[in-house]
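My notes follow, in the order I looked things up.

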Amino acid sequence: MNLPITTDSSTDDQAARAAWLYYVGGLTQDQIASEMGLSRQRAQRLVSRAVAAGLIHVRLNHHLATCQALESALRERFGLVRCRVMPGLGPDRDPVRSIAPAAAEEMERVLREPRSLVIALGTGRALRGMVDALGPAEAPQHRLVSLLGNIAPDGSASFFEVIMRLAEKVRAPHYPMPVPVMADSAEENAALQALGVLRKVRDLARNADVTFVGIGQMGDDAPLLTDGFLTPEELREIQQLGAAGEVAGWIFDEEGRYLDLSINRRMTGVRVPETSADRPVIGITAGASKVVAATAALRSGIINGLVTDEPTARGILARSQ
């Protein structure tokens, strides 16, 4: 299927993209001109136009046609309930800076619901960026619950755990999972699962109305390695067994099927089902290293919503053909 996703369709599109690169990406006007194939003077005029027209106020208020086309393609390909694609910031730029404002808007949309909801959360840089980008909100009617433990292998609090941060911002009751992310053995995990307080938190997470998760890659820069949950030897072993990605620590293959691994049997948290039901499970992820994992999670339905950027969206669509 050929999609009109290769060129901007209006001056407003160009202005919005230039302003996004300037204010969010931190690019100079010379860099913007190089990135967009324009003169420096043209780039300067586009940024000024975006400000004068109110297209951008830290968050992008103009929805680029290219991003809309990618969203439509992803919705159609994977049957998504929610999808946001943001402009890319160019090579060597942190893609989390691009997607964090859109992820925050998705969270704010949920928080505005007047009925009481249970909102489950994973961890990671992308989710932390989402919470940091949230505007002021009071949402005491909701309950926030973690999908996984909050203690790292060395006994420290997990650096990218977000539930406390979010609860402080929105003044909502919150339920962290008061155990290590991963037990030392399957037997120890069974003993932890028998704890009454853990059963209550897990039951709450399993029945969440909305879930927000990051998606971890299983390449040589896997978060489970860099955060100390795997040794390099263990990572190489599970790579050979087909590991492609992970959500809330649970590892799956390129088709999004969870693998029968020792590490999966030691995870203390809740596993997101391979086929999401009618409840949104929104993946927040971007970057070339995430394409394989994100595509796998979409294929199996581990996630049925997505917030990402243009290059990642294109990579997912190319890989899933």
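**Glu106 and its surroundings**

I started with Glu106, whose side chain makes a polar contact with the side chain of Arg109 at 3.2 Å. For a polar contact I take a pair of N or O atoms within 3.5 Å; within protein, one must be able to donate a hydrogen and the other to accept it, and residues adjacent in sequence count only if both atoms are side-chain atoms.

Residues are numbered from 1 along each chain as its sequence is written, and side-chain values use heavy atoms, with hydrogens and water left out.

Glu106 sits in helix H5. I use DSSP runs, numbered from the N terminus: helices are H or I, at least four residues, and strands are E, at least two. Is Glu106 buried or exposed? Glu106 counts as buried because its relative accessibility is 3%. My cut-offs are under 20% relative accessible area for buried, over 50% for exposed, and partly exposed in between (1.4 Å probe, protein chains only).

Skipping residues up to four places away in sequence, I found Glu106 touching Arg82, Arg84, Phe212, Ile282 and Val307. Contact here means heavy atoms within 4.5 Å.

I followed that to Arg84, in strand S3 (residues 82-86). Arg84 is buried too, at 16% relative accessibility. Beyond its neighbours within four places in sequence, Arg84 is in contact with Glu71, Ala102, Glu105, Glu106, Leu306, Val307 and Thr308.

Next I checked helix H6 (residues 125-133), where Ala126, Leu127, Arg128, Gly129, Met130 and Val131 are buried. What do they pack against? I got helix H5 (96-111), strand S4 (118-121), helix H7 (163-170), strand S7 (210-214) and strand S11 (281-284).

Of the 40 residues that line the largest pocket, Gly124, Arg125, Pro223, Asp227 and Lys290 are the closest to its centre. For the record, on a 1 Å grid over the protein atoms alone, a pocket is an open set of points where a 1.4 Å probe fits, with protein on both sides within 12 Å along at least five of seven lines; lining residues have an atom within 4 Å of a point.

H6 is one of the elements that supply at least two lining residues each; H5 and strand S9 (245-247) are also among them.

**Loops**

Ala243 is in the loop between helix H11 (232-240) and S9, and is buried at 13% relative accessible area. Its contacts, not counting residues up to four places away in sequence, are Met218, Ile238, Ile251, Phe252 and Leu259.

I also flagged two positive phi values outside glycine. Asp92, in the loop between S3 and H5, has phi near 65 degrees and is exposed at 82%. Arg171, in the loop between H7 and strand S6 (174-180), has phi of about 60 degrees and is exposed at 54%.

**Confidence**

Last, I looked at pLDDT, the predictor's confidence in each residue, from 0 to 100. The chain averages 90, and 93% of the residues score at least 70. Over residues 1-8 the pLDDT is below 50, and this stretch has 14 contacts in the model beyond near neighbours in sequence. Where pLDDT is low, the predicted coordinates should not be read in detail.

Terms used:
Predicted model: local features only at pLDDT ≥ 70, side-chain atom pairs only at ≥ 80, totals over all residues.
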